[in-house]
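Have the model open as you read.

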Amino acid sequence: MDSGSAVLREVMTETGTSQVELARVSGVRQPSISQFLSGRASMSDDMLSRLLACMGRRLEVVRRPVDVPLDRSHRRSWLLHRELAAQLSVGAIRAWGPIVEKNLADLEARVQGQPHGRNLARWRQLVSDEDVAGVRRAMTGLDVESIEMREVSPLRGLLSHQDRDRVVGVAS
């Protein structure tokens, strides 16, 4: 069972609860319940929990780490940025400033289209604001936005050759 609609359907079947009855007890309109069950409408965990409670059940959310599959290029980029993240501080952002500014100007001159333009503007803002947490998220995050930001990272040339070779060797 992996979706809210599957969980809701299973509990309704187990408890013999109809959509009309669940609507009456929960106060959620029956057409909405129908849309949740069919997957035409997304259902928050709060809504699912509310509906399950009306049938004597509680929602339990299990948290577990999941390996994120990255292709070789993205994994290498993530490892290099992760290595650099260990050196990140406000002082480091200030010290890196001239290199980052040059890299941003080079990237802005040759990169076109979205999301690259948006991500370059985001990098510029993060560095300008000396937003260490934001820069760190972009460097180490495994969400789509962070991965796309690293595709136009202005942080090249900041690792020593020795550190870069060591990290690239690990990524091979």
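**Helix packing and cores**

Helix α2 (residues 19-26) and helix α3 (residues 30-38) have axes that come within 9 Å and cross at roughly 120°. This is a predicted model, where local features need pLDDT of at least 70, side-chain atom pairs count only at pLDDT 80 or more, and totals for chains, interfaces and linings use all residues. Residues are numbered from 1 along each chain as its sequence is written, and side-chain values use heavy atoms, with hydrogens and water left out.

**The α2/α3 pair**

- On terms: helices are DSSP runs (H or I, at least four residues), numbered from the N terminus, and axes are lines fitted to C-alpha atoms over the stretch in contact, with angles from 0 to 180 degrees between N-to-C directions.
- α2 and α3 are therefore oblique to each other (angles under 35 degrees count as roughly parallel, over 145 as roughly antiparallel, 65 to 115 as roughly perpendicular and the rest as oblique).
- From α2, Gln19, Val20, Leu22, Ala23 and Ser26 meet Gln30, Ile33, Ser34 and Leu37 of α3.
- Sorted by class, the residues of the α2 contact with α3 are 5 nonpolar, 4 polar and no charged (Ala, Val, Leu, Ile, Met, Phe, Trp, Tyr, Cys and Pro count as nonpolar, Asp, Glu, Lys and Arg as charged, and the others, Gly among them, as polar).

**The nonpolar cores**

- The largest nonpolar core holds 28 residues, and Trp96, Trp123, Met139 and Leu155 have the most contacts inside it.
- A core here is a set of buried Ala, Val, Leu, Ile, Met, Phe, Trp, Tyr and Cys residues joined through side-chain atoms within 4.5 Å; buried means under 20% relative accessible area, exposed over 50% and partly exposed in between (1.4 Å probe, protein chains only).
- At least two residues of this core come from each of α5 (72-85), α6 (90-110), α7 (116-128), α8 (132-140) and α10 (161-171).
- α6 gives the largest share of this core, 6 residues.
- There's also a second, separate core of 16 residues, with Val11, Leu22, Leu37 and Met43 among them.

**The α5/α8 pair and His81**

- α5 and α8 pack at about 150°, with axes 8 Å apart, and are therefore roughly antiparallel to each other.
- Trp78, His81, Arg82, Leu84 and Ala85 of α5 make the contact with Arg136, Met139 and Thr140 of α8.
- That contact of α5 with α8 has 4 nonpolar, 2 polar and 2 charged residues.
- His81 lies in α5 and is buried, with a relative accessible area of 10%.
- Leaving aside neighbours within four places in sequence, His81 is in contact (heavy atoms within 4.5 Å) with Met139, Arg150, Ser153 and Leu155.
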